[in-house]
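Here is a briefing on the fold of one protein model. Read it alongside the sequence and coordinates.

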Amino acid sequence: MGDPLNADFTEAVAGFATGVVVLTVRDGRDDLGTTVTSFMSVSLEPPMVVASVATSSYLCEVLNRRPRWAATILSSPQRALAGRFAAEGRPSARILLAAERHHRGVRSDALIPETGISALECETRQTIEAGDHTLFVAEVLTMDYTTRDEKPLIRVNRRYLEDGSRAGRR
């Protein structure tokens, strides 16, 4: 049985609403990506963000080798895309984005979905081990795009919010 404190902690932080980000990176001929809900801005001068990635993941290994990556802040219609990038055993990001409008970032060479709220191309400046996750502190090299046409995708209580007022299905 797991540690009761861990279960209580998981339950406590599940009630904290977060935005949903797809983080992508190019690794040679392959493209990787994952859904991240632990993402935030930390500095305006220079513009910097932090992304939290499971240390045991292959993506963490790749991010330690490839300092440039992209973070796309998802819009509410992209709930299915968030789910695909969160699935266990997911295929290459190229396959996950095959049916979506996307392009390669000029600075990161990472795949970037085109229908999010915004997309940032980043370069890791520092990594911090934090328990079972690694924090990637990165400088934002460029804003690939920003739009105000869509509402952001929000996750709270282990569910995506459909319209900002009630939780939808996972």
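Is serine 118 buried or exposed? Serine 118 is buried, with a relative accessible area of 6%; buried means under 20%, exposed over 50%, and partly exposed in between (1.4 Å probe, protein chains only).

This is a predicted model: local features need pLDDT of at least 70, side-chain atom pairs count only at pLDDT 80 or more, and totals for chains, interfaces and linings use all residues. Residues are numbered from 1 along each chain as its sequence is written, and side-chain values use heavy atoms, with hydrogens and water left out.

**Serine 118**
- Serine 118 sits in strand S9. Strands (E, at least two residues) and helices (H or I, at least four) are DSSP runs numbered from the N terminus.
- Beyond its neighbours within four places in sequence, serine 118 contacts Ala71, Thr72, Ile73, Met143, Tyr145 and Thr146. Contact means heavy atoms within 4.5 Å.

**Sheet**
- Seven strands make an open, antiparallel sheet, ordered S3-S2-S6-S9-S10-S5-S4. Two strands pair if DSSP finds at least two bridges between them.
- S3 (30-36) and S4 (39-44) are the edge strands; each has a single partner strand, so one side of each lacks a neighbour in the sheet.
- The twist averages 35 degrees from one strand to the next. Angles run from 0 to 180 degrees between N-to-C directions, with axes fitted to C-alpha atoms, for helices over the stretch in contact.
- S9 (residues 118-130) pairs with S10 (residues 133-146) over twelve antiparallel bridges. Glutamine 126 has valine 137 in S10 as its bridge partner.

**Helices on the sheet**
- Helix H2 (residues 58-65) packs on the sheet and touches S2, S3, S5, S6, S9 and S10. The direction of H2 makes about 60 degrees with that of S2.
- Helix H3 (residues 79-86) also packs on the sheet, touching S2 and S3. The direction of H3 makes about 115 degrees with that of S3.
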